[in-house]
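This briefing covers the sheets, pockets and cavities of one model. Keep the structure open while reading.

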Amino acid sequence: MTAIKTALVGFGISGQSFQAPIIEALKEFELTSVVSSNPAKVKGQLPDAAVYASLEELLEKGDEELVVIATPNELHGPFAEKALRAGKHVVVEKPFTIESAEGERIAALAQELGQKLSIYHSRRFDGDYLTIKRLMNEGQLGTVHTLFSSYNRFRPEVKVRWREQDIPGAGILYDLGSHLIDQAVSLFGVPQAVTAKLRKQRPGAQAVDHFHICLAYEACDVIVHGNNLSTAEGPRFQVFGTKGAFIKYGMDTQEDLLRELKGPGSNGWGEDPQARWGEFTDSEGKTVSVPTERGGYEQFYLEMAAAIRSDAPVPVKPRQAIATIKIIEAAYESSASNRTVFL
């Protein structure tokens with residue numbers, strides 16, 4: 001298969017750490033250009049890449065097939081539309097868009113133009129999530145009635161950066177929360193109702209830095225929670241079913257490696273230390289340690305390559321990413337009105 005020439009738009013933490021090391025590691029792709037206002041930073045990591053000052057310049061001068069958008073959230077939609085109209089396939093960093101209506105319009109445009117469009121919800125390829133998916137598929141948990149998914153951190157100081165400013169798409173819910181919601185949608189589909197409490201807990205907080213959301217399904221509740229004032233992380237997952245329960249501590253290690261610019265193939269990639277394996281307790285109270293499935297964020301891009309070259313399904317369908325945005329919108333409405341919002 002001819003390598004897919006790829007352009008990366010944005011070279012902040014997402015582009016530099018979470019995208020470039022993965023794309024660079026795969027023979028299916030050739031990362032040929034970057035849009036950035038800091039050429040020296042790009043060249044220090046990607047010396048052979050062309051650097052453009054704007055998306056418009058890239059689309060005018062570049063010959064890439066795929067454009068990966070890793071910009072601040074409010075630019076996701078406008079940049080995706082420009083790239084699609086220029087005849088490019090597109091990957092958008094999560095969250096897809098700030099408003100679901102914009103996402104629906106862009107998804108329709110991609111379908112109309114015949115371009116591949118997917119959203120980088122990488123945590124579908126976390127080892128802990130894949131372990132839960134396997135336990136559910138094998139029937140070991142029985143019918144799941146409650147799932148708690150938490151992402152707790154201790155960052156008491158508000159930083160001066162766009163993610164923590166009072167601007168559209170900022171805040172922990174659009175950032176970390178979109179991952180947790182997407183995992184729930186991937187496992188259970190779209191919930192029937194959303195009940196949420198969103199807060200600005202830290203002194204000086206301008207954007208939401210705490211969320212607690214109940215996603216109600218016909219026979220199951222999924223509770224997703226995140227905050228910046230927890231000195232201990234607590235369990236990452238707690239899953240309770242009619243035949244057993246699974247409790248898992250610790251975050252997937254791939255993100256830590258990517259922050260060190262270590263991607264697929266690096267030592268320990270996708271592996272979970274045995275000390276952090278989750279525990280399964282059956283209906284008789286017997287508890288056993290469960291090896292964590294191997295994670296692999298690169299699988300997203302391998303599936304994207306198959307979509308571009310072989311017309312296979314994209315790894316994350318736009319309609320699923322739009323559902324995540326609709327749930328985020330419902331959470332804001334629920335918290336503001338202090339009521340349950342039905343979808």
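Two strands count as paired if DSSP finds at least two bridges between them. Helices (H or I, at least four residues) and strands (E, at least two) are DSSP runs, numbered from the N terminus. The model is predicted: local features need pLDDT of at least 70, side-chain atom pairs count only at pLDDT 80 or more, and totals for chains, interfaces and linings use all residues. Residues are numbered from 1 along each chain as its sequence is written, and side-chain values use heavy atoms, with hydrogens and water left out.

**Nine-stranded sheet**

- Nine strands make an open sheet with mixed pairing, in the order E14-E13-E12-E11-E7-E10-E9-E8-E15.
- Strand E14 (287-290) and strand E15 (341-342) are the edges; each has a single partner strand, so one side of each lacks a neighbour in the sheet.
- Strand E7 pairs antiparallel with strand E11 (residues 235-241) over five bridges. Val-144 sits opposite Gly-241 of E11.
- E7 also pairs with strand E10 (residues 221-227), in the parallel sense and over seven bridges. Here Phe-148 faces Ile-223 of E10.
- Seven of the nine residues of E7 are buried (under 20% relative accessible area, with exposed over 50% and partly exposed in between; 1.4 Å probe, protein chains only). E7 is therefore largely enclosed by the rest of the structure.
- Strand E12 (residues 244-249) and strand E13 (residues 278-282) run antiparallel, joined by four bridges. Gly-244 is opposite Asp-282 of E13.

**Six-stranded sheet**

- Six strands form an open sheet with parallel pairing, in the order E3-E2-E1-E4-E5-E6.
- Its edge strands are strand E3 (50-52) and E6, each pairing on one side only.
- Strand E4 (residues 66-69) pairs parallel with E5 over four bridges. Leu-66 lies opposite His-89 in E5.
- Strand E5 (residues 89-93) runs parallel to E6, with four bridges between them. Tyr-120 in E6 is the bridge partner of Glu-93.
- E5, helix H5 (residues 100-113) and E6 build a right-handed β-α-β unit. Right-handed means that, with the strands pointing away from the viewer, the path from the first strand over the helix to the second runs clockwise.
- In a regular strand, side chains alternate between the two faces of the sheet.
- Strand E6 (residues 117-120) is covered on both faces: Leu-117 and Ile-119 are buried on one side, Ser-118 and Tyr-120 on the other.

**Pockets**

- On a 1 Å grid over the protein atoms alone, a pocket is an open set of points with protein on both sides within 12 Å along at least five of seven lines; a cavity is a set where a 1.4 Å probe fits but cannot get out; lining residues have an atom within 4 Å of a point.
- Grid points are joined across faces, edges and corners, and a volume is the space filled by probe spheres set on the points.
- The largest pocket holds about 940 Å³.
- Its lining has 44 residues, with Ile-13, Phe-18, Arg-163, Asp-175 and Arg-259 nearest the centre.
- Elements giving two or more residues to this lining include helix H1 (13-25), E7 (144-152) and helix H8 (254-259). H8 gives the largest share, four residues.
- The lining of the largest pocket splits into 18 nonpolar, 11 polar and 15 charged residues. Ala, Val, Leu, Ile, Met, Phe, Trp, Tyr, Cys and Pro count as nonpolar, Asp, Glu, Lys and Arg as charged, and the others, Gly among them, as polar.
- The second largest pocket has about 290 Å³. Its lining includes Ala-107, Leu-117 and Arg-319.
- H5 gives that lining the most, three residues. By class, the second largest pocket is lined by seven nonpolar, two polar and three charged residues.

**Cavities**

- There are four cavities of 30 Å³ or more.
- The largest cavity has about 150 Å³. Of its 17 lining residues, Arg-161, Arg-163, Glu-164, Arg-202 and Asn-228 lie nearest the centre.
- Its lining has five nonpolar, three polar and nine charged residues.
- The second largest cavity has about 60 Å³. Gly-127, Asp-128, Asp-252, Asp-272 and Thr-292 lie nearest its centre, out of 14 lining residues.
- That lining has one nonpolar, six polar and seven charged residues.
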